[in-house]
Amino acid sequence: MIREEKQALVDELSEKFQSHNAFYIADASGMSVAKINEFRRLCFTRGMEFKVYKNTFIRKALDTLGGDTSEMDAALKGQSGILFSKESGNAPAKLLQDFYKSQNYGKNVEPKPALKGAYVDAGIYIGANQLSGLSTLKGKNELIGDVIGLLQSPAKNVISALSSGGNKLAGIIKTLSEKEEVAG
């Protein structure tokens, strides 16, 4: 591969990093071709892409992101495949968990492709032990929805209390006035 081809590959990878709000680095070494193809098909059906890159290309592309990505160096050992997601940052984690379940991995067997690291909304997560936390991570739009829901909830409670309280208050006054008329 000549220098221009390598630079074109790094540029392509940099573009993908810029256009995807989340990407996961995984190790698929030891997987059969059939299993890797099965995993790639699952990625495709969920709108994601899995592609293997050289660690040096990944490092050079990470340098173009801006900010400190040196923590990702720990994930750039051995074979590295990148799982890209344009959707929420937890979608690749859920995909990996679903793939593990479908493969019936035992307790003493390391599931493949093994998560080595993830970059989600400028946050860096290193190690396979981060997978369960990443799967519950909420995306930006989900968090905005939660905040709006929380802000609307107190207003709805006040309005419903006032409207129902007004009916009760009117009922009590009417009953008291009727009692006064009967007593008087």
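F39 touches F50, L83, L95, L96, F99 and P113, leaving aside residues up to four places away in sequence; touching, or contact, means heavy atoms within 4.5 Å. The model is predicted, so local features need pLDDT of at least 70 and side-chain atom pairs count only at pLDDT 80 or more, while totals for chains, interfaces and linings use all residues. Residues are numbered from 1 along each chain as its sequence is written, and side-chain values use heavy atoms, with hydrogens and water left out.

**Cores**
- F39 is one of the residues that touch the most other members of the largest nonpolar core, which has 22 residues.
- A nonpolar core is a set of buried Ala, Val, Leu, Ile, Met, Phe, Trp, Tyr and Cys residues joined through side-chain atoms within 4.5 Å; buried means under 20% relative accessible area (1.4 Å probe, protein chains only).
- Helix α4 gives the most to this core, with six residues.
- Apart from it lies another core of 18 residues, including L9 and F57.

**Sheet**
- Five strands form an open, antiparallel sheet in the order β2-β3-β1-β4-β5; strands pair if DSSP finds at least two bridges between them.
- Strands (E, at least two residues) and helices (H or I, at least four) are DSSP runs, numbered from the N terminus.
- The edge strands, β2 (49–53) and β5 (123–126), each pair on one side only.
- Five bridges join β2 to β3 (residues 80–85), and K51 stands opposite I82 in β3.

**Helices on the sheet**
- Helix α4 (residues 91–103) lies across β1, β3 and β4 (114–120), at about 120° to β3.
- Angles run from 0 to 180 degrees between N-to-C directions, with axes fitted to C-alpha atoms, for helices over the stretch in contact.

How values were computed: Buried < 20%, exposed > 50% of the residue type's maximum accessible area, 1.4 Å probe, protein only.
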